[in-house]
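Reader: I'd like to learn how to read a model like this one. Could you walk me through it, feature by feature?

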Amino acid sequence: MHAVRNIRLCTKDCICLFVCPTGATDTENGQIDASKCLDGCRLCVHACPSHAIFLLPRAYATQQKKSGKTVDALRELAKSKARQEKLAQDLADTTDDPLVKQLATALVRSNRILQEDLHRESGFMLPQASITKDFLMEQLEKNTEDKSFPKEAVQRLLELL
Ligand code: SF4
Ligand code: SF4
């Protein structure tokens, strides 16, 4: 196992910098240096007041093969979660009621997490999955005219995969 930091949750109070015995948490790019991490001693995980650090395995089991039908079903479910996220976001942006806003914001987040899980399950968020490369190639071809499409970032991603 090794520790990773969720930058979106990090409040930059630097407690993890003081507790880590190897300096793995103190990096220029804000990420924890996995090569210095002592296989998850957890000191930083317990010290972080924002719950921004968690442990990940160093190696993952190979993904089980799924039928095309299952992948299609997962994609449809992910699309439905995307629609629900948008509805909840619209509600959060327009309501004047603070409680409704809080509930809608929580729904936005939970739908996003579910979507990510569904995409991961169907192989789209696994760099080693060929489906990821196919999807990126398809997007590159589809969006040649669209100036807002992050073409260079996608090309770079393809180079790295
Ligand atoms: S202790 Fe947590 S919140 Fe503070 S800098 Fe480290 S990761 Fe960020
Ligand atoms: S788990 Fe331990 S060694 Fe790894 S980054 Fe956190 S404090 Fe440092």
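Reader: Let's start with the helices. Is the crossing in which α3 passes α4 left-handed or right-handed?

Author: Keep in mind that this is a predicted model. The crossing of α3 past α4 is left-handed.

Reader: And at roughly what angle do the axes of α3 and α4 cross?

Author: Helix α3 covers residues 68–94 and helix α4 covers residues 98–121; their axes cross at roughly 160 degrees and come within 8 Å. Angles over 145 degrees count as roughly antiparallel, and that makes α3 roughly antiparallel to α4. As for what makes up the α3–α4 contact, there are 13 nonpolar residues, six polar and five charged.

Reader: Zooming out, how is the chain divided into domains?

Author: Domain 1 runs over 1–59, domain 2 over 64–125 and domain 3 over 127–161. Taken over C-alpha atoms, the centres of domain 1 and domain 3 are 30 Å apart.

Reader: Now the ligands. Which residues are closest to ligand 1?

Author: Cys 10, Ile 15, Cys 16, Cys 48 and Ser 50 are the closest, out of 13 residues that surround ligand 1. By type, that shell has eight nonpolar residues, two polar and three charged.

Reader: How many residues surround ligand 2?

Author: Ligand 2 has 15 around it, with Cys 20, Ala 24, Cys 37, Cys 41 and Cys 44 as the closest. The ligand 2 shell splits into 11 nonpolar, three polar and one charged.

Reader: One last thing: what separates the C-alpha atoms of His 2 and Gly 40?

Author: Sequence distance and spatial distance are separate things to read. His 2 and Gly 40 are 38 residues apart along the chain, yet 4.8 Å separates their C-alpha atoms. His 2 belongs to strand β1, residues 2–5, and is partly exposed, with 17 other C-beta atoms within 10 Å.

Terms used: Residues numbered from 1 in each chain as written. Chains lettered and ligands numbered in written order. Predicted model: local features only at pLDDT ≥ 70, side-chain atom pairs only at ≥ 80, totals over all residues. Domains from an automatic or database assignment. Near = placed C-beta within 6 Å. Nonpolar A, V, L, I, M, F, W, Y, C, P; charged D, E, K, R; others polar. Axes fitted to C-alpha atoms, helices over the stretch in contact; angles between N-to-C directions. Helix = DSSP H or I, 4+ residues; strand = E, 2+ residues; numbered from the N terminus. Parallel < 35°, antiparallel > 145°, perpendicular 65-115°, else oblique. Left-handed = near helix turned anticlockwise from the far one by under 90°. Buried ≥ 20, exposed ≤ 12 C-beta atoms within 10 Å, placed from the backbone.
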